[in-house]
Amino acid sequence: MSEEEYAGLGDWTPETLALPGEVRQVVAAPHPVLSRPGGAVDPTAVETVQLAADLIATMRVSPGCVGLAAPQVGVGAQVFAVDVTGHPKTVTVHGTFVLCNARVVEATRWKPGREGCMSVPDLTGDVKRASRLVVEADLPGTGKPVQLVTDGFEARALQHEIDHCSGLLFLDRVAGAHAVYQRKVYL
């Protein structure tokens, strides 16, 4: 698709969903939904829009959470929310957003970094990720395609959530046992 065919995140907000979100329970490894690829979704379907609202609501009540994917709330679907606003490692910030059926179309400038996860609450690990990223996806509610270009910590957060939608945890990406650590700070 050409650049003109993509909607931007600028005119999409959580309020676009027009539904109140409900806080859902976050599942922990080794729950089987976390290791299965999620299915593609219709971004305009009522259940997808409700899921998007629920992901935002759950993320907002979870201290330190910068992203949450559908598999983490027990739903095998390619939907996730991200908001890195205010995080000290953030360079680029697109605010709060939800993406459906996301796919990485360009990944460059690979760098290692420490990651944690609500579904793996007691561990962190060093994971090498692209620090510049281009993602194509659909916006929930409107169904409009979007192309998101980002970098730094937001790029890392998107890759982490896309992995969840593919049935992968950050533990599947670490270089080995030497790169996994007990979490020192509990949120």
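The questions below ask how some terms apply to this predicted model.

The model is predicted, so local features need pLDDT of at least 70, side-chain atom pairs count only at pLDDT 80 or more, and totals for chains, interfaces and linings use all residues. Residues are numbered from 1 along each chain as its sequence is written, and side-chain values use heavy atoms, with hydrogens and water left out.

Q: Why is Thr124 called buried?
A: Buried means under 20% relative accessible area, exposed over 50% and partly exposed in between, with a 1.4 Å probe and protein chains only; Thr124 has 11% relative accessibility and therefore counts as buried. Thr124 lies in strand E4 (residues 120-138), a strand being a DSSP run (E, at least two residues; helices are H or I, at least four), numbered from the N terminus.

Q: Which residues does Thr124 touch, not counting residues up to four places away in sequence?
A: Contact means heavy atoms within 4.5 Å, and the residues that Thr124 touches are Arg114, Glu115, Gly116, Phe170, Ala179, Val180, Tyr181 and Arg183.

Q: What makes strands E1 and E2 a pair?
A: Two strands pair if DSSP finds at least two bridges between them; three bridges join E1 (residues 67-69) to E2, and the two run antiparallel, with Ala69 opposite Phe80 in E2. E2 also pairs with strand E3 (residues 97-117) in the antiparallel sense, over four bridges, and Val82 has Phe97 in E3 as its bridge partner.

Q: Which way do the residues of strand E2 point?
A: In a regular strand the side chains alternate between the two faces of the sheet. From E2 (residues 79-82), Val79 and Ala81 point one way and Phe80 and Val82 the other way, and all are buried.
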